[in-house]
Amino acid sequence: MSEAVADKAAGAVAERFTELYGAEPHGVWAAPGRVNLIGEHTDYNDGFVMPFALPHQAVAAVSRRADGVLRLHSEDVEGGVRELRLDDLSPESDKNWTAYPAGVVWALREAGHAVTGADIHLSSTVPSGAGLSSSAALEVVVALALNDLFSLDLRGWQLARLCQRAENVYVGAPVGIMDQTASACCEAGHALFLDTRDLSQRQIPFDLAAEGMRLIVVDTQVKHSHSEGEYGKRRAGCEKGAALLGVNALRDIPYADLDAALARLGDEEEVRRLVRHIVTENERVERVVSLLESGETRAIGPVLAEGHASLRDDFRISCPELDLVVDTALASGALGARMTGGGFGGSAIVLAEEPDVDALTKAIQESFAAAGFTAPRVFEAVPAAGARRLR
Ligand code: GLA
């Protein structure tokens, strides 16, 4: 998003805040959604991920309060201003969108940070339920605003941890740390190579346009939900695998030891598949990083496609729509393609030579029409900035 566009968005959100709450906001902040280039479901296994930020973002106009009251409003949801007392915030008490911002306030206070109340107005362009981290964007924008307004002096990765805690405990979704860290820490023009064990990070330059390529996102419009069972089942299966193998997390199984580890799992077929995905996926992230760092960008295509096959066949979290995007893209000359995010719907990414993008998009749209699927939403993704203050 260009600075002029960001400024306009900030202006509109600030104006609406003033209408709603009767005074100008103390500030306006933004936090983006993300796509993940590679490294899926590795984050709750202490592994590697490589997301980058989208230009789609949640914007929040916020003012401090000192009276223990939290007022919340979203441009994107019907229902007016919601008023809560900070002392009443309690985990899993709220099944609405308000659980995300309220959960962040709860997590900050629970960690001992003196947040005494706020008026918040939110507006987001991150499509929800599309696997593009609309929830993390909401959490991180609120966390960053409160961090600034209450001078908490927390770093991006610390805010990410608090946002994850809000989502795990307050919302009740057992997600990993990737999305919140991506939203908080990504930089424009870069993908974020993140070690989710200690949150150490490296910004990897990722400028496809300069090399004549594009990355397109295909939102299948199939909605997913992480609070529902399948994500949690995969997570529990991975934890079982780590326990059977006697390691803290599957991250601790080196790629070179995969066959021996699988042999030790004997007839635990379900767990073997999960372990195989996680161990090979961590290796794929490292391979992509080294290809990008040695300037062999086109060569990441087949690695993305391998990652998809592993998610489809071993981790089993794809769906017919995601597979159709990937199969059609690969058959129509894409360099690589894979589902991105939690799975069971949501979005896929397609890496392509710039001149092939229109034909590929058309082929995907036609394949969806022929299969009788809802038309997908297709857009180009260029790595954008992470969370920041707009005014
Ligand atoms: C969701 C979760 C992340 C991560 C991905 C899968 O986006 O929020 O923590 O586990 O799924 O890689």
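Predicted model: local features only at pLDDT ≥ 70, side-chain atom pairs only at ≥ 80, totals over all residues.
Cys185 takes part in no disulfide, and the cysteine sulfur nearest to it, that of Cys186, is 7.6 Å away, whereas a disulfide would require two cysteine sulfur atoms within 2.5 Å. Cys185 is also buried, with a relative accessible area of 12%. Cys319 is likewise in no disulfide, since the nearest cysteine sulfur, which belongs to Cys238, is 19 Å away and the cut-off is 2.5 Å.

Asp314 is located in helix α9, which comprises residues 300–315, and Asp314 is buried, with a relative accessible area of 11%. The side chain of Asp314 is joined to that of Arg276 by a polar contact of 2.8 Å. When neighbours within four places in sequence are left aside, the residues in contact with Asp314 are Arg273, Leu274, Arg276, His277 and Ala309.

The ligand has 13 residues around it, of which Glu40, His41, Asp43, Asp179 and Tyr231 come nearest. A polar side-chain atom of Glu40 lies 2.7 Å from an oxygen atom of the ligand, and an N or O atom in the side chain of Asp179 is 2.7 Å from a ligand oxygen atom. For Gly342, it is a backbone N or O atom that lies 3.4 Å from an oxygen atom of the ligand.

Technical notes
Residues numbered from 1 in each chain as written. Heavy atoms only, no water. Buried < 20%, exposed > 50% of the residue type's maximum accessible area, 1.4 Å probe, protein only. Helix = DSSP H or I, 4+ residues; strand = E, 2+ residues; numbered from the N terminus. Polar contact = N/O pair within 3.5 Å; in protein donor to acceptor, adjacent residues only side chain to side chain. Contact = heavy atoms within 4.5 Å. Near = heavy atom within 4 Å.
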